[in-house]
Amino acid sequence: KILIDLADCPSELDAQKHLLLGQVYWHLKDHARALDCFLSSAKLDPHNNETFTWLGLYYSENDDFVRAEKCFRKALSLDSHDRQAAKEIAVILVNKGDDLLLVVQLLEPLLAANPTDYDSWYTLGVAYFNLGAYGKAANALHLCLRRHPITTKTYLLLGHAYFFEGKYEAACRAYGHVLSMDGSNETAIVGMLKAKSLLNEHEEALAYAEKLNRNKKYEREVHWSVLRAARYAYVNEYDREKAQGLLNQHMIDDPVLNAEQEVLKSKVMKQQSSEPAVTAYQLAIKQVKNDRVKARLLAILAGLLFKKKDYESAKQVAMTACRIYPLPVCDNIAALCLLKHNDDFDAALRHMFRAIRNRPSVHLWTNLGSMYTKLDKLLNAKQAFNQARLLSPEGSGEALYGLYLLGETIDPELIADGACASDKIQLEALLMILNESDGDLKEDVILEKARPILYRLRGHLSDERVDEAWSLLSEYLYK
């Protein structure tokens, strides 16, 4: 009351009294007069951080975030321990997606001093998420949920953090919390659909897809989950009819996914010609504008042409992909084309080295080993195959088979079980198991290893070696 009485004689007020009067006006919801007082206070004492914090709050309240940020930065420059200014500027920067490392630097000490500030835990979680630190984001969001009434936005972001961290089961639990509060939350439904698909729980994924089926906005996500379900039915469940039914039920006007569908269809329906898939990818490439996506599609198209034994066209497409955007998958297929074409072994190796440097993987090291084997550089080949083994603790089937061909003593069961083993490699490993058993093959090996592999291979390959393996296996099953 005294401060309001003093409002009629502002000349008698010093900077601190202007600031106090402004706070009174602020709490009385008279923000225009509050602003006048804060400005006067700042003019009389430009070194008071509290005044600039209040100015920042005024501008934030009126959605003038540019001025608000300047005021909060000024407040922090005057007093780096101004908690209110630190908290408010963190929110502004997170909403802008800008200077996120500064957000982390501001909020971590603030939360160490005041761990019950749930709003700041949420802001920190968003900052970590946008920085790609998904584990730290999940921890911050958990601490937010401990101290905050449960909200869908926090659980939703927690689900996304777990999803991108690769913890799909935890992501499903978080999305489930969202759906328990809001059963029609489409973002959570999409999250569940993707997580369930990646967990290979396809029946549940397709149930979520059905909820989105009439919404054009999520058509791509639905089709993606159907493709995964069809691929799983074909490759893992050996159910060609189920896969074909899923592919025939869902069609959308998405050139990239339709191209992927054509490749899968050609396998499921045992099409001898890959022309429909080639045509679909050519159409998709014309329609895609993003260079990275276009390069990936060109690399896949080069792979299809390579399998057709059209090596010249495959090489041209692969080299175009590398020029547009040198993804590892582009360099990989370019190297294989150059090597097959006997054009330039050194260039092929350069492409493979660049692919490995950008993204080392079991597959790329194994391909390098195979290249060295073809060039008769056997020591280099062994080193590359062993690098593949180091990257995959359970062992790479392809790399192990490469070492076996180079004279290394390798257990054929390891080759059959190894990650990244192709159908033909698994077939060769199976024949090794059968031929080396001397009629004393254990029943559990037949039932758990040999027969499932062969059943799957019979659906994939038309090869005399498959018939040979089936004949050998039948001797054990029916002797």
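Predicted model: local features only at pLDDT ≥ 70, side-chain atom pairs only at ≥ 80, totals over all residues.
Figure 1. Trp 54 lies 21 residues away from Ala 75 in sequence, and the C-alpha atoms of the two are 9.3 Å apart in space. As context for this and the following views, the protein chain has 28 helices and zero strands, and 48% of its 479 residues count as buried. Among the contacts in the protein chain with a separation of 6 or more, 48% are accounted for by residues 24 or more positions apart.

**Figure 2. Packing of helix H3 against helix H4.** Helix H3 comprises residues 31-44 and helix H4 residues 49-61; their axes come within 9 Å and cross at roughly 145°, and the crossing in which H3 passes H4 is left-handed. On the H3 side the contact is made by His 31, Leu 35, Phe 38, Leu 39, Ser 41 and Ala 42, while H4 contributes Thr 51, Phe 52, Trp 54, Leu 55, Tyr 58, Tyr 59 and Glu 61. By class, the residues of this contact divide into nine nonpolar, three polar and one charged.

**Figure 3. Packing of helix H7 against helix H8.** Helix H7 (residues 100-113) and helix H8 (residues 118-131) pack with their axes 10 Å apart and at an angle of about 145°, and H7 passes H8 in a left-handed crossing. In H7 the residues that meet H8 are Leu 100, Leu 101, Val 103, Val 104, Leu 107, Glu 108, Leu 110 and Leu 111, and their counterparts in H8 are Ser 120, Trp 121, Thr 123, Leu 124, Ala 127, Tyr 128, Asn 130 and Leu 131. The residues of the contact of H7 with H8 comprise twelve nonpolar, three polar and one charged.

**Figure 4. Leu 100, Gly 97 and Asp 117 around helix H7.** Leu 100, which is found in helix H7, has a relative accessibility of 9% and therefore counts as buried, the limit being under 20%. Leu 100 touches Leu 93, Val 94, Ala 127, Asn 130 and Leu 131, not counting residues up to four places away in sequence; Leu 131 is 31 residues from Leu 100 in sequence, with a C-alpha to C-alpha distance of 7.1 Å. Gly 97 is found in the loop between helix H6 (83-96) and H7, and it counts as partly exposed at 45% relative accessibility. Gly 97 and Val 126 are separated by 29 residues in sequence and by 9.4 Å in space, C-alpha to C-alpha. Asp 117, in the loop between H7 and H8, counts as buried at 10% relative accessibility. Leaving aside neighbours within four places in sequence, Asp 117 is in contact with Lys 87, Leu 110 and Leu 111, and both Leu 110 and Leu 111 also belong to the contact of H7 with H8.

Figure 5. Most residues other than glycine have a negative phi. With a relative accessibility of 63%, Lys 309 counts as exposed.

**Figure 6. Lining of the second largest pocket.** The second largest pocket has a volume of about 230 Å³ and is lined by Arg 292, Val 293, Arg 296, Leu 327, Pro 328, Val 329, Asn 332, Arg 359, Ser 361, His 363 and Leu 364. At least two residues of this lining are supplied by each of helix H18 (291-307), helix H20 (328-340) and helix H22 (362-374). The lining has five nonpolar, three polar and three charged residues by class.

Notes: Residues numbered from 1 in each chain as written. Heavy atoms only, no water. Axes fitted to C-alpha atoms, helices over the stretch in contact; angles between N-to-C directions. Helix = DSSP H or I, 4+ residues; strand = E, 2+ residues; numbered from the N terminus. Left-handed = near helix turned anticlockwise from the far one by under 90°. Contact = heavy atoms within 4.5 Å. Nonpolar A, V, L, I, M, F, W, Y, C, P; charged D, E, K, R; others polar. 1 Å grid on protein atoms, 1.4 Å probe; cavity = no way out; pocket = protein on both sides within 12 Å on 5 of 7 lines; lining within 4 Å. Points joined across faces, edges and corners; volume = space filled by probe spheres on them. Buried < 20%, exposed > 50% of the residue type's maximum accessible area, 1.4 Å probe, protein only.
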